[in-house]
Amino acid sequence: MLVHNWRAVLRRAWSVRLIALALLFIVLEPVINFVAATWVPRNLYIQIAMSTASGLFAAAAIVARIVFQQKISGELNGKPPAER
C-alpha cells in the first residue's frame, strides 16, 4: 500500500535519492571495470571502490528512510490527513 503523499516522497525523500545513486553505481560498475581493464592490467581497486560506494549509498538510504524529514512528513508524521 502506498503512502498518501507518495509523489512528494519520490521527489523529496533522501532515501529515494540515495537508492538512485546506489543503483547508478551498480549499473556503472561493470562498464567502468570493462573500460579500466583496457588501461590497467589489474583493476581490483576500481572494483573495490565501486562496490564500496554502492554499498555505502545503500546503507545511507536505510538510515535516511528512518530519519524524520520535515518537508515530507510535516506535522502529520507520515499519517494521512484523516488520521490527525
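Helices here are DSSP runs of H or I with at least four residues, and strands are E runs of at least two, both numbered from the N terminus. This is a predicted model, in which local features need pLDDT of at least 70 and side-chain atom pairs count only at pLDDT 80 or more, while totals for chains, interfaces and linings use all residues. Residues are numbered from 1 along each chain as its sequence is written, and side-chain values use heavy atoms, with hydrogens and water left out.

View 1. You get 4 helices and 0 strands. Of the 84 residues, 21% are buried (under 20% relative accessible area; exposed is over 50%, partly exposed in between; 1.4 Å probe, protein chains only).

**View 2. Arg7, Arg11, Arg12, Arg17 and Lys71 form a positive surface patch**. Patch members have over 30% relative accessible area and no salt bridge (a Lys or Arg side-chain nitrogen within 4 Å of an Asp or Glu carboxyl oxygen), with like charges joined within 9 Å. Lys and Arg count as positive, placed at NZ of Lys and CZ of Arg. Lys71 sits in helix 4 (residues 70–73) and counts as exposed because its relative accessible area is 74%.

**View 3. Ile46 sits in helix 3 (residues 44–66)**. Its relative accessibility is 29%, so Ile46 counts as partly exposed. Leaving aside residues up to four places away in sequence, Ile46 touches Ile32, Asn33 and Ala36 (contact means heavy atoms within 4.5 Å). Asn33 is 13 residues from Ile46 in sequence, with 7.0 Å between their C-alpha atoms.

Methods. Patches are made of residues with over 30% relative accessible area and no salt bridge: like charges are joined within 9 Å, nonpolar side chains (Val, Leu, Ile, Met, Phe, Trp, Tyr) within 5 Å. Accessible areas come from the Shrake-Rupley method with a 1.4 Å probe; for residues, only the protein chains shown count as cover.
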